[in-house]
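Subject: Structure handover

Hello,

Here is the structure we talked about. Please open it alongside this email; my notes follow below.

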Amino acid sequence: MVDTTSVASGELFDVAIIGAGVVGCATARRFAIAGANVVLIEKGSDILSGASKANSAILHTGFDAPPGSLELELVRAGRQEYLEIRETLGLSLVQTGALVCAWNELEADKLASIEAQGRGNGIEDLKVLSATQARETVPSLSGHLVAALEVSGEHVIDPWSAPLAYLTQAAGLGATFLRNTELHSGQFDGHWILKTSSGVINARSVINAAGLYGDVVDQRLGFEAEFRIKPRKGQFVVLDKAAFKHVPRIVLPVPTEITKGIVICPTAFGNVLIGPTAEDQDDRVRATVDTETLRALLKRGVELVPALEGMPVTAVYAGLRPASESKAYRVFSRPAQKAITLGGIRSTGLSSSLGLAQHALKLHNAFGEKFEPRHDIPNIGVPNLTETQERDWQRSDHGEIVCHCELVTKREIEAALESVVPPGDFGGLRRRTRAGMGRCQGFYCNARLAEMTKGRLATSLAAAEEGQA
Amino acid sequence: MNMLADVIVIGGGPSGVAAALELRRQGVEKVIILEREPYLGGATRHCSHSPFGMLEFGRVYFGESYGRKLEDEAAKAGVEVRTGYSVVDLEDDGTLRVTSPHGVEEMRASRILYATGAREKPRSARLITGDRPIGVVTTGTLQSYVAFHGLMPFRKPVIVGSELVALSATLTCLMHGARPVAVLEPRPHALARAPLTWFPTLVGIPFHRGTELVDIKGRTRVEAVTIRKNGSEQTLECDGVLLTGQFTPESSLFLKSTMGIDRGSDGPKVDQSGRTVNPIFFAAGNVLRAVETGGWAFCEGRAVGKSLASDLQSGIKASDHVPVTHDDPIKLVMPSILRRADTTSAAFNQFQLRVTRRVKGRLSLEIDGKEVWSSRKVWMPERRILVPIPPQALSAQAVGFRIVED
């Protein structure tokens, strides 16, 4: 049962997961496969409504993660599972590799220790390159390059189709997804009684994967706050597909204590992105872009890759990372109350989500709940949107193209609207199909999409008729 | 691969169709138009109340009826029109990678004419500050909401820009039950000519000159904008933002190809015959420079079609070209390259120039270090400036424009 708007009275779920970001979706999948009766609740009108909708879409190796950390362990586990399930679920993978680029001697001096840290972290395919060697693999890098560390295992993926695939598979195993459902409070009385905006939900255990609201949800569940979310905004600029040929690999900076820094990165969709910034703020909802910062990102991009000069901007966006007081993941298990918190997943959640889900199940096993593992796992794939893999427009009977910039077919849009986890808002439709995400940003197709999605999205594209509410 | 046609025209707007008609009139056997939409007409189809056709057909057509006229003319002339065909890549040898309802195929012709028109820059490319809610659209999007679907993207928009298209959009809003809250023009002067610029004021819509849009607010749909005039900020409640003007050539296939684009016009570089840096490819219409009327694009298409026909007769011209140079505040010069005079009849006997801002001064053309033309006046942005191409320009080593400000 998917996407019901109110909850079947009296049903006792095995596990209630709060938050349908990438971590919540991966956790729903893992528990559904383990045989649990899962409910996933989401405040927004679609999955990925918070932190997970905006990131740099890199599948990390963990080479630069803190040694011995839970983050490192889960990034590695998550990445491994991603690579294992990739083909069955139709997930994206662009094997770009990355170059950690040193732009001065000081940075170059750090490369050896980053390499050593990476090897200590169990990542083998690392190699310090001279500027000349690095430019053999990315000829467009600026002449100011001093040296680089090659990390062959860093890859680029489609950050939206993967979580959709996780939840789609969970739904195929019977998981319930409730959107527009905000948790108001929770009480543990042998089992959890969760009061939500869609009514009461009963569950034996609860998993908090609420991202930007992780601390708030812990409080609403009646726990002392163990951490506090300090949203960190990241702005990005996406360049035209013409830029792709100049950036065949991920161009990483030498990281500082505070941030991984500005990345220049090819995307699975054939564009190039520059970002993110790291701007602390209190607001957990608004992620605004601003002209000066976007200009500065473009300028930085051109400094490092001069061939990007004059490349048209296709899109700009900003996301919020659920940072906390500490760099570490804030994962807590409370066996007495059968509650798990997966919090403070700052910037590696896309890579670690499947690992976090495994970890949550391990913690949950200690609660003494037993499920009957499923053997009838449906391998429901998601439609491919990655440029390097076959897209619908390349097939012989694709019919009509609606979005010309991203070559999105009419039947892809119709299929998304009719899918197991259909889009709840326009952003969700864009993330599922790419429609309107290209260089004209809907100049040609927005009106058509308004027509096709009439009455099907939380906020309609077209304004109400006069006299209508 | 075998040649599929003498000429494949990419884009079925006024310039592409005009070129195809002229090619047939000149006796070119096989001419195919590839149009990605289901109908011919291009941007004119969106404009339900702008008149088209006077210049080329001697009578006025509105919106989609102009496209139907183009379809009739193409059919009569024996042009093969393939709609629903999107070109996805241009190869140097003239091979096109094309997708259609039948899937992906490659097509090749002796010459390719690129006539993909122009569109408006979206919000993203303008790097505007703020939230990214629903309801921030360009005029083209607004026109297609109205013309094709009977919908409106907003009821109380703020309109940004004062090119002619902004005034036309204001009219569209009023005719379809929307009431613009204000019209903003960041520059101190309206870009369209009076008396058209009086129009918003006449219908009671505040027209703020010298006013910038500095913030967009709204969680799902637009709720308000902040504007700045003379250093002071003000918030206007609204449910949409209409971005007008700032047209840009739809030249993405060129940008992606090895041919690249001209940094001034953002369209393909072309010579006096409409021939690009790769002599297999020609270009015409608004992709050369944004933006002119449908009628202008039609005439340009016809002229380039004629040149192309004679080029087919005389064979590929791979001769070197001379760039036409220019400095700020000149934004673009088209044609942006010149090739030594050949037997091909020129499509352009005038340079088209645009400036980036309002500038008062002396504009001059120098050929091989010698000034051959000049004019002093106030030059306005987004207005075409025409300068005759002197015959000696076609055999020169250096051709350049500059403006010395008063």
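This is a predicted model: local features need pLDDT of at least 70, side-chain atom pairs count only at pLDDT 80 or more; totals for chains, interfaces and linings use all residues.

**A:Arg432 and its helix**

A:Arg432 belongs to helix α10 of chain A. What does A:Arg432 touch, leaving out residues up to four places away in sequence? The list is A:Asp46, A:Ile47, A:Leu164, A:Leu385, A:Ala416, A:Val421, A:Pro422 and A:Pro423. A:Ile340 is elsewhere: 92 residues from A:Arg432 in sequence, and 30 Å away in space, C-alpha to C-alpha.

Helix α10 of chain A spans residues 426–433 and is mostly covered. Seven of its eight residues are buried. These are A:Phe426, A:Gly428, A:Leu429, A:Arg430, A:Arg431, A:Arg432 and A:Thr433. Against what do the buried residues of α10(A) pack? Their partners in chain A are α5 (161–172), β21 (408–409), α9 (410–417) and α11 (446–452).

A:Arg434 follows α10(A) and has a positive phi, near 80 degrees. A:Arg434 also lies over the face of A:Phe269, with 3.8 Å to the ring centre.

**Aromatic pairs**

Over all chains, the structure holds 14 aromatic pairs. One of them joins B:Phe57 and B:Tyr61: the ring centres are 6.2 Å apart and the planes stand at 85 degrees, so this pair is edge-to-face. The cut-off behind that label is a plane angle over 60 degrees. B:Tyr61 is buried, at 9% relative accessible area.

A second pair to look at is B:Phe254 with B:Phe281. The centres of B:Phe254 and B:Phe281 are 6.1 Å apart and the planes lie at 85 degrees, so this pair is edge-to-face too. B:Phe254 sits in helix α7 (residues 252–256) of chain B, and B:Phe281 in strand β19 (residues 281–283) of chain B, so the pair ties together parts that are 27 residues apart in sequence.

Ring pairs join B:Tyr61 with B:Phe52, B:Phe57, B:Tyr66 and B:Phe298 in a cluster. B:Tyr61 also has a charge over its ring: the charged end of B:Arg59 sits there, 4.0 Å from the centre.

**A helix pair in chain B**

Take helix α4 (residues 139–149) and helix α5 (residues 164–175), both of chain B. Their axes come within 10 Å and cross at roughly 30 degrees. Angles under 35 degrees count as roughly parallel, and α4(B) and α5(B) are therefore roughly parallel to each other. The crossing of α4(B) and α5(B) is left-handed. Which residues make the contact? On α4(B) they are B:Thr139, B:Leu142, B:Gln143 and B:Val146. On α5(B) they are B:Val165, B:Ser168, B:Ala169, B:Thr172 and B:Cys173.

**Backbone points to check**

Most residues other than glycine have a negative phi, and most peptide bonds are trans. Here are some that depart from this.

- The peptide bond from B:Asp328 to B:Pro329 is cis, with omega near 5 degrees. B:Pro329 is in the loop between β20 (321–326) and β21 (330–334) of chain B.
- The peptide bond from B:Met334 to B:Pro335 is cis, with omega near 0 degrees. B:Pro335 lies in the loop between β21 and β22 (337–339) of chain B.
- A:Asn180 is not a glycine, yet its phi is positive, near 50 degrees. A:Asn180 lies in the loop between β8 (176–178) and β9 (183–188) of chain A. At 47% relative accessibility, A:Asn180 counts as partly exposed.
- B:Asp266 is not a glycine either, and has a positive phi of about 65 degrees. B:Asp266 is in the loop between α7 and β19 of chain B. Its relative accessible area is 26%, so B:Asp266 is partly exposed.

Best wishes

Terms used. Residues are numbered from 1 along each chain as its sequence is written. Chains are lettered from A and ligands numbered from 1 in the order in which they are written. Side-chain values use heavy atoms; hydrogens and water are left out. Rings of Phe, Tyr and Trp (its six-membered ring) pair if their centres lie within 6.5 Å; planes under 30 degrees apart count as stacked, over 60 as edge-to-face and the rest as tilted. Buried means under 20% relative accessible area, exposed over 50%, partly exposed in between (1.4 Å probe, protein chains only). Helices (H or I, at least four residues) and strands (E, at least two) are DSSP runs, numbered from the N terminus. A charge sits over a ring if NZ of Lys or CZ of Arg is within 6 Å of the ring centre and within 35 degrees of the ring normal. Axes are lines fitted to C-alpha atoms, for helices over the stretch in contact, and angles run from 0 to 180 degrees between N-to-C directions. Angles under 35 degrees count as roughly parallel, over 145 as roughly antiparallel, 65 to 115 as roughly perpendicular and the rest as oblique. A crossing is left-handed if the near helix is turned anticlockwise from the far one by less than a right angle, and right-handed if clockwise. Contact means heavy atoms within 4.5 Å.
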